[in-house]
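Here are my notes for a colleague opening this entry. Please keep the structure in view while reading.

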Amino acid sequence: MSASLMPRACRRKVIMLVLIALSILHIAAIILLLAATIDNAWWVTSTTSTDVWGRWVLTNNKWNMTDLPNNYPTDYLQAVQATTVLACIFSIIGLFVFIAQLFTLPKGRRFTISGVFQALACLFIMIAASIYTDRFHTNEKSIGNYGHSFILAWIAFGLTFISSIVYFVLRKK
C-alpha cells in the first residue's frame with residue numbers, strides 16, 4: 001500500500017514506530033560504544049585482560065591493574081583512545097540533536113545533523129578498532145584472543161552506520 005493511500009492516523013503510527021525504533025537503535029549504539037571504551041577486554045589471555053587504558057593481570061587469584069607494556073606504540077595507542085572517546089561523544093551529541101530536531105526543524109531538514117553526528121561516530125569507532133587490529137598484539141595471536149570489548153566496538157560500528165543511514169533516509173520523508 002502506498003503512503004498516499006494509507007490513512008493519516010496509520011501513517012502517524014508508522015512514523016512514530018520508526019522514530020521509536022531509531023531511538024532504541026541509537027541508545028543501543030551508545031551503550032555498546034561506552035562499554036567498548038570503558039571495559040577492560042580488548043585483548044584477553046588466560047592471565048591478562050587488556051584494554052586501551054591499562055592491563056589487568058591475574059596474580060594469586062586477584063586481578064591487578066598495571067600499566068600497558070612499554071612496547072606498545074604510544075602514538076597509535078593515543079589515537080585509539082582518542083577516537084573511541086570521540087565516537088562516544090559524537091553519538092551522545094547525536095542523540096540530543098535528534099531529540100531537539102524533532103521539535104525545532106522543518107520536515108525536509110530534520111535528521112541531517114543527527115545523521116552527520118552518527119556517521120562521525122561510526123568513522124571514529126572504525127578507526128579505533130582498525131588501528132587496534134593492525135598495530136597491537138600482532139605477535140601474540142597464538143596466546144590470546146580479541147575480547148568482548150573489541151567485538152562490541154565492531155558491533156557498535158555497525159549500529160552507528162545503520163542509524164546514520166536511517167537518519168539520512170528519514171531526512172527525505
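1. **Record.** The UniProt entry, which is unreviewed, annotates "transmembrane region" over residues 14-38, 76-99, 111-131 and 151-170. UniProt positions follow the numbering used here, feature names are shortened, and annotations may be inferred rather than shown by experiment.

2. **Basis.** This is a predicted model, where local features need pLDDT of at least 70, side-chain atom pairs count only at pLDDT 80 or more, and totals for chains, interfaces and linings use all residues. Residues are numbered from 1 along each chain as its sequence is written, and side-chain values use heavy atoms, leaving out hydrogens and water.

3. **Two annotated stretches.** Residues 76-99 are 100% helix and 0% strand, with the end C-alpha atoms 35 Å apart. For residues 111-131 the figures are 95% helix and 0% strand, and the end C-alpha atoms lie 30 Å apart. Helices (H or I, at least four residues) and strands (E, at least two) are DSSP runs, numbered from the N terminus.

4. **Aromatic pairs.** How many aromatic pairs does the structure hold? There are 15. Rings of Phe, Tyr and Trp (its six-membered ring) pair if their centres lie within 6.5 Å; planes under 30 degrees apart are stacked, over 60 edge-to-face, and the rest tilted. One of the pairs is Phe98 with Phe111: the centres are 5.6 Å apart and the planes meet at 35°, so this pair is tilted. The pair links distant parts of the chain, 13 residues apart. Phe98 sits in helix H2 (residues 74-104), and Phe111 in the loop between H2 and helix H3 (112-135). Phe98 is buried at 1% relative accessible area, and Phe111 is buried at 5%. Buried means under 20% relative accessible area, exposed over 50%, and partly exposed in between (1.4 Å probe, protein chains only).

5. **A second pair.** Tyr132 and Phe150 are also tilted, at 6.1 Å centre to centre and 40° between the planes. Tyr132 belongs to helix H3 and Phe150 to helix H4 (residues 148-171), 18 residues apart.

6. **The cluster.** Tyr132 and Phe150 belong to one aromatic cluster, whose members also include Trp42, Trp43, Tyr72 and Trp154.

7. **Thr50.** This residue lies in strand S2 (residues 48-50). Thr50 is buried, with 0% relative accessible area. Leaving aside residues up to four places away in sequence, Thr50 touches (heavy atoms within 4.5 Å) several residues, among them Trp42, Trp43, Tyr72 and Tyr132. Other contacts of Thr50 include Asn40, Arg55 and His137.
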